[in-house]
Every structure is written in C-alpha cells, then in structure tokens.
Amino acid sequence: MSLGIPPQNTNLAGSQEAIGCHVGPSVRLSVTHGLKQYDVAVPPQISIGDLKKVLAQQSGLDPANQKLLFRGKEKEDSERLHTSGIKDMARLVLLEAPRSQEEKPQEEKMTPEVARACEAIARVRAEVDKLADKVSTLEAAVNGHKKVDEKEFIVLTELLMVQLLKLDGIEAEGEARIQRKNEVKRIQNLVEATDVLKVRYNNPFVDQGRSVVATPQTDWATFDSGSGQTPQPHAPQPATQITENWERFD
C-alpha cells in the first residue's frame, strides 16, 4: 500500500530544445502541482518561459496555460531565475491558467491571497509527505510482525492532526480551496491507515486480507468551519472495525 506521493524527477537531458546547451552548475527546483511534485535541475540563467517548457514534459500542461508562483507572486515568462531571486533548492508552485477569459469566470483569476494560500498548502504537503513515509514504515513493521511501541501510533496520529489544523487555518478560495480539500482527504486516509495498523497490531489474528476501515471517532465537522478548535477523538471502542463519517469534513 503506497501512501506517499514520490516526486517526479527530470533534469537537463531531453530538455535541450527548451533551454539550449549548458555547461556548468545547475539550480535544483522543487515544483508543486496539485498533489504532484516535480524536481528539476536547470541553468540559473534560464527564463521562466523556458522553465515552463521543461515542466510541460512532466505535467502535460502547455506552457501558455502555466502559471509559476514564487513566494506568492506570479513570475513573468521574460524573467530569469538568477535575477528574480530563485536560487538552488527553491520551491515553486505550478498552477493551470485559464486559456481565455471566456472559459473561466473573472472571479476565478489568481489573486495574491490565493497564491499565498497555495504556497501555505504546499508547505503542509511537504510535511505530510514525511508523515506518509512514517506510516509506510509502520505498516512494514506490522506486516513483518515486528515489535512496535504503541506510542508510535498515537504520536503519528497527533502529528497528522497538527497538519490538519494548519490546513484549517488557511483561508482558501478557488484553486487553493481545491488543493486544500485534496490534502485534507489525504490526511484523513493516513489517519485511517494508522488506526487500521494499530487495530491489526493489537489483534494479530485479524485477517490481513480483509479491507478494514478503522479510525478514531472524531468530529471532523469542526474543521473547515473556522472554529479553530481541535476535535477530540472519543475513547477507542473494543472492536476490530470502526467506521468514520468523513464526508462531514469539508
């Protein structure tokens, strides 16, 4: 069961048409696009327009329909990395731009507030990626019948809830709201998976081939309501199958 979303890598190979021949050090960039992440290495003198051509090979988005954000601001095609403050290991956000004013309503145009929200969500996503790896490691230990400190299940769930609270504190509209909702559901799935592993660890004779949905009985409706309050899980029930009404969350 793969719970993490591995980044897709590309480099200068195969991109010479977009950026020309280059000899010397490159800058490594991490570009977030929805739930995906692209790691690219390009010359520091490359223009934003040529960077979009490189990203088009990975994302499938036509360069004309791409918007690249750095620190909450959209970068123009004519700008170059080394003159716009984009350095090695920088993080950018890739969004799909409307093809024409007629295709999407005026109110859906990217605003500075939406851009900042997208970057905040990207930071949460990076933390959730790390927690997803921990869930996978915990899963391997349970499947291998290895001894696990039960505190690991509790701590991991609490860390996921912290990221959920961060998402709840992000004011999001339009594209940012879609990204936040997707990340919320991803965290919910990880919380469910962690609780399933805890149930299986405490009940080793449960059929591992069965699909078990087990989660703390949490009032998710408090999230995305602006209350800012942490939902408190109820006491765990002595059962091997616990259900959750996730659709109340967003």
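Axes here are lines fitted to C-alpha atoms, for helices over the stretch in contact, and angles between them run from 0 to 180 degrees between N-to-C directions. The views below are taken from a predicted model.

**View 1. Packing of helix α3 against helix α5.** Helix α3, which covers residues 112-143, packs on helix α5, residues 174-202, at an angle of about 15 degrees, and the two axes lie 10 Å apart. Because angles under 35 degrees count as roughly parallel, α3 is described as roughly parallel to α5. The crossing in which α3 passes α5 is left-handed. Sorted by class, the residues of this contact comprise 15 nonpolar, three polar and eight charged.

**View 2. Packing of helix α4 against helix α5.** Helix α4, formed by residues 151-168, meets α5 at an angle of about 165 degrees, with 10 Å between their axes. Since angles over 145 degrees count as roughly antiparallel, α4 is roughly antiparallel to α5. Here too a crossing can be assigned a hand, and that of α4 and α5 is left-handed. On the α4 side the contact is made by F153, I154, L156, T157, L160, Q163, L164, L167 and D168, and these meet R180, E183, V184, I187, L190, V191, T194, L197, K198 and Y201 of α5. The contact of α4 with α5 divides into 12 nonpolar, three polar and four charged residues.

**View 3. Packing of helix α3 against helix α4.** The axes of α3 and α4 are 10 Å apart and the helices pack at an angle of about 160 degrees, which means that α3 is roughly antiparallel to α4. In passing α4, α3 makes a left-handed crossing. From α3, the residues I121, V124, E127, V128, L131, K134, V135, L138 and V142 meet E152, F153, L156, L159, L160, Q163, K166 and L167 of α4. This contact of α3 with α4 holds 12 nonpolar residues, one polar residue and four charged residues.

**View 4. The length of helix α3 and the residue H145 that follows.** With 32 residues, α3 reaches 46 Å from its first C-alpha to its last, a span close to the 46 Å expected at 1.5 Å a residue. After α3 comes H145, whose phi is positive, near 55 degrees.

View 5. Side chains of opposite charge can pair when their charged atoms come close. K53 forms a salt bridge with D50, and the closest N and O atoms of the pair are 3.6 Å apart. Both K53 and D50 belong to helix α2, residues 48-59, where they stand three residues apart, about one turn of the helix. An α-helix has 3.6 residues a turn, so residues three or four places apart point the same way. Searching the whole structure gives nine salt bridges.

Key:
Residues are numbered from 1 along each chain as its sequence is written. This is a predicted model: local features need pLDDT of at least 70, side-chain atom pairs count only at pLDDT 80 or more; totals for chains, interfaces and linings use all residues. Side-chain values use heavy atoms; hydrogens and water are left out. Helices (H or I, at least four residues) and strands (E, at least two) are DSSP runs, numbered from the N terminus. Angles under 35 degrees count as roughly parallel, over 145 as roughly antiparallel, 65 to 115 as roughly perpendicular and the rest as oblique. A crossing is left-handed if the near helix is turned anticlockwise from the far one by less than a right angle, and right-handed if clockwise. Ala, Val, Leu, Ile, Met, Phe, Trp, Tyr, Cys and Pro count as nonpolar, Asp, Glu, Lys and Arg as charged, and the others, Gly among them, as polar. Contact means heavy atoms within 4.5 Å. The expected span of a helix is 1.5 Å times one less than its number of residues. A salt bridge is a side-chain nitrogen of Lys or Arg within 4 Å of a carboxyl oxygen of Asp or Glu.
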